[in-house]
Amino acid sequence: MAMTMRLRLLLGFLVVVAVPLVLFAAGARHEVTRRVTDQYERRAAALAGVARAELERQSEAVAGRLAALAVGLARDTRFRLAAVQRVAAERPYLLDVATDAMRLAGLSYLQIQDTTGRILSSGHFRNEYDRLEPEVPAALARLGSVAAIVRARTPDGPFLAFARLDSLQLGTARFTVVGGLHADTLVQRLVGDPDLRLMLDLPDTLLSFGGSPARADSGGSADALVLDIGEVASVSPLTGTVRMGRARVSYPLEPLRVLRRGVDVWFLPAVAAAGATAVLLALALSALISRPVRALAEAASRIDLDRADVTFASDRRDEIGVLAQLLQTMMGRLRGDAARLREAERRAAIGDVARQVNHDVKNGLTPVRNVFRHLDEVAAEPEKLAAVYAERRGTIESGVAYLERLAGNYARLAPTTGWQPCDVNGLARDVAAGAAADATVVRFEPDDALPALRTDPLALRRVMENLVRNALDSLDGGRGGVRLATEATPNGVRIRVSDTGRGMTREELDRAFEPFYTTKPSGSGLGLPIVRRLVADLGGTFRVTSEPGRGTEAVVEFPVAGTTVPATLPVRR
Amino acid sequence: LTCVVSEVGPDPADTVRIALTEAVSATRAPVPSTDAEGLVFRQLYEPLVDLDCDGAPRAALAVAWRPDAEGRRWTFSLRAGAAFWDGTPLDADALLAGWQGSDSTVVLEGVRADERTITVYLTEPRPVEFFARPALRVVKRIRESPWPVGTGPWWLGGADTSAVMLVAQPTGLRGRARPLAFALRPGADARDLFDAGADLVVTRDARARTYVDGRAGWVVAELPWDRTYVLASPALGDGTSADFTPEFRAGLARDVVPGDARAATGSGAIGCDRLGTELPDRPLQRRLVYPRQDAAARALAERLVARADLELATIFAPPRLRGGLVAAGLPQADFDAARAAGMDLGYVYPTLGEGAPPCATPLVQTRPLAFVREGSARVVRDTTGVRILPDGPWR
């Protein structure tokens, strides 16, 4: 399918605009996504670094607070009385001292134990006193400064605490102070980002703290960035067993995905809008360019020799305007050429008619002239004159009548529809008799079983006269003869006109139907073209066969059955 | 009198200021559920008979009483002019109407013999002290106010009641009295109330006594041991007992419960015969539940949890019952519902009086202390708390 200029313009514009736009969009999105991801990962790494430092700082801070508490307890006389001297009146003070100290120190977990590991006072579980649990202090003492996770017991349930250890000596008695921070509290202090999640990867347990609840499941999975921040230990409060593990932070990737989706949400519509704008622009521009071209083409399609009023007026100053001006100029020249051509045609038509009239009149006068010659030959013999006149009077009347009808037809420039039942043999006999005035005899061979033919007798006579005339002319006054025969065919009537004249070559035969082509010095060259036109007008067929030196045969056939009368005979102007 | 805590001074303030550290609800009047309600209701509503600080019956609405031989038919002679605040005379019908819903199952009928004599029939024999119970205080319920109408020297109602202050106006029916202003400060530190100018504070906060001890101008009255904290595990079934040693109970009283406490004595049974009631087919919750607002119950529950693998080992066997045991404080209504359902391992809660209910073993007993600013009011103590008397003669 041929592509229109508008489609080509549209596609071209799209290629020029859309391809760079798409490439730019893809590149920009990739770059934005890469930078966002890079910044997100750097932020997560920075937060992990902060968490690592904060974890160490908090661990040291807890150790520092425990050291201060130990110093304070050593100075506390009531504590000394209760813990060392076991003064009963100070026992309530002893039971509450850890609670108060824990709150003052900002801790979540605090136990004071004697040298046997018996809990003297518990800050996070006030009524936990008297329990014997030496394992935790012993384990913490072995770990030193490594952050340790201890499962702290409270009446409401256990919690995990990051714990450190300190001790104090009162006389001969030694006391340990175990304290720490609630893991969740520690996580909140580590970083302010609620999305950050702290994970303790222990040999057979993965503990996680912090992070938004909705994202808790993403901790440690492929949906989160996981970064290692250091070593951590877990201490069993019952057995003192220490398990070493790694502390990690996880940062969910969902916000990053949301960020990317946000980029896409704004980016893709922007690109789509730009693309749509480009398409609309392309449509508008292609329409702007192709519409005047299409208008010029439509105007050009209306150009005809009879329709030379088409204009290509345009007030544009671009190439389209130049093209319109050129077409308008060309149209002006075309109008002049058409006028000249019509004048030439008119003149040619007048000459053609004049030649045809001349030809037809000459054909009509020939039998009359032959009769007059015949009369003239017997004029000196009155008895013969009367006989000849009586014999040839019909020929004269027929020829005159023919000329009258011919004149009438030419006067109307349109033949009347003179279709009527016609006696073909009678008509042929008149033609043969008319031509027989010359020395040469036209032999007439009628078929008596010829069916009646409904046709225009005048046109049929002109056909036969032209054919007989041409046959006689081909004899060149020499020997030989002309034969006019009628035959009944299965479909109608056949008329043969044959001669034994000089015949025609193949080239001559091919050109014989061209108007004004003749091999005779006085010929008009209209005989055969007129015959062909008349036969065609009468609905018959016409063919000519010829052989140089042996003669020519013309055959005309008219159908009888089914022969239709044209509503209007073609008129040659 | 040993029952007198304080006498009014020569130049008392216009109002007696009483500070309360708990909420007060009129819907429970005249039966208190907290120390604050006990203090308020005690000033407003009177029983037929009072008990003094030694438990001896004393005249209240009734000035004389006489039982029949079985102790099931009691005849009370009312004091002259005994009437409700609104002037309605006190009769047997009003008496019984006020008792509806309390201990009326014991009280069968009341018959008014004449203007000053009422006869009460009981379903079972009871001593006269029975009529001193808070549930048998004489009240008349009215539509206009959530506060029942009483017969005492002070009338509480109308615009004088709010979430922060209850003002009881003298009825003028008996004696010369000043208004009582109850300041509602739920959860407040009793020491702050002293400093804020309260004339009377009743609290179980041990820090209050330490704060007041040695300071001039204050009188401290030890009130009766009116609460016994118990442990109940009804789900364990009848026959389950807790063999707490006296030393353990003493330790609870000494080290665990804040305020004045002493070891309780009594049965070790904590399971309960549920009389054929089928427990729901679901596992017990491994928690010791206590009423959230009760600090002593919380401390006791925590201590039991801390010692679950020691003192409770023989009770909560097998060990799976003890593992992961926690203490859980519930609002009072939720606690009551949970205890009724019985699907927790144990319940620690206070009961009124010195005894323990069936299916529960007593742990410790506590008592409140009344702190009275000297000379601020006439205050006496009895078996139900402290009572403020009108400044002048009132009987």
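Q: How many salt bridges does a search of the whole structure find over all chains?

A: Side chains of opposite charge can pair when their charged atoms come close. Here the search finds 60 salt bridges over all chains (a side-chain nitrogen of Lys or Arg within 4 Å of a carboxyl oxygen of Asp or Glu). This is a predicted model: local features need pLDDT of at least 70, side-chain atom pairs count only at pLDDT 80 or more, and totals for chains, interfaces and linings use all residues. Residues are numbered from 1 along each chain as its sequence is written, chains are lettered from A and ligands numbered from 1 in the order in which they are written, and side-chain values use heavy atoms, with hydrogens and water left out.

Q: Which parts does the salt bridge of Glu90(A) and Arg78(A) tie together?

A: The N to O distance in this pair is 2.8 Å. Glu90(A) sits in the loop between α2 (77-83) and α3 (91-105) of chain A and Arg78(A) in helix α2 of chain A, so the bridge ties together parts that are 12 residues apart in sequence. Helices (H or I, at least four residues) and strands (E, at least two) are DSSP runs, numbered from the N terminus.

Q: Which backbone angle stands out at Arg86(A)?

A: Most residues other than glycine have a negative phi, and most peptide bonds are trans. Arg86(A) is not a glycine, yet its phi is positive, about 55°. Arg86(A) also belongs to the loop between α2 and α3 of chain A. In chain B, a cis peptide bond links Ala29(B) to Pro30(B), with omega about 10°. Pro30(B) is in the loop between β2 (16-20) and α1 (35-44) of chain B.

Q: How much area do chain B and chain A bury between them?

A: The size of an interface is often given as the accessible area lost when the parts come together. Chain B and chain A bury about 1,200 Å², 39% of it on carbon and sulfur atoms (accessible area, 1.4 Å probe, lost on being put together, summed over both). In contact are 14 residues of chain B and 12 residues of chain A (heavy atoms within 4.5 Å).

Q: How many salt bridges are there between chain B and chain A?

A: Two. Arg303(B) pairs with Asp130(A), the closest N and O atoms being 3.6 Å apart. On the side of chain B that touches chain A, α5 (246-256), α6 (295-306) and β17 (326-330) of chain B each give two or more residues. α6(B) gives the most, six residues.

Q: What volume does the largest cavity have?

A: Rolling a probe the size of a water molecule over the atoms shows where empty space is left. The largest cavity has a volume of about 160 Å³. A cavity is a set of points, on a 1 Å grid over the protein atoms alone, where a 1.4 Å probe fits but cannot get out; lining residues have an atom within 4 Å of a point. Volume is the space filled by probe spheres set on the points, which are joined across faces, edges and corners. α10(A) supplies the largest share of the lining, five residues.

Methods. Buried area is the accessible area (1.4 Å probe) that two parts lose on being put together, summed over both. On a 1 Å grid over the protein atoms alone, a cavity is a set of points where a 1.4 Å probe fits but cannot get out, and a pocket is an open set with protein on both sides within 12 Å along at least five of seven lines; lining residues have an atom within 4 Å of a point.
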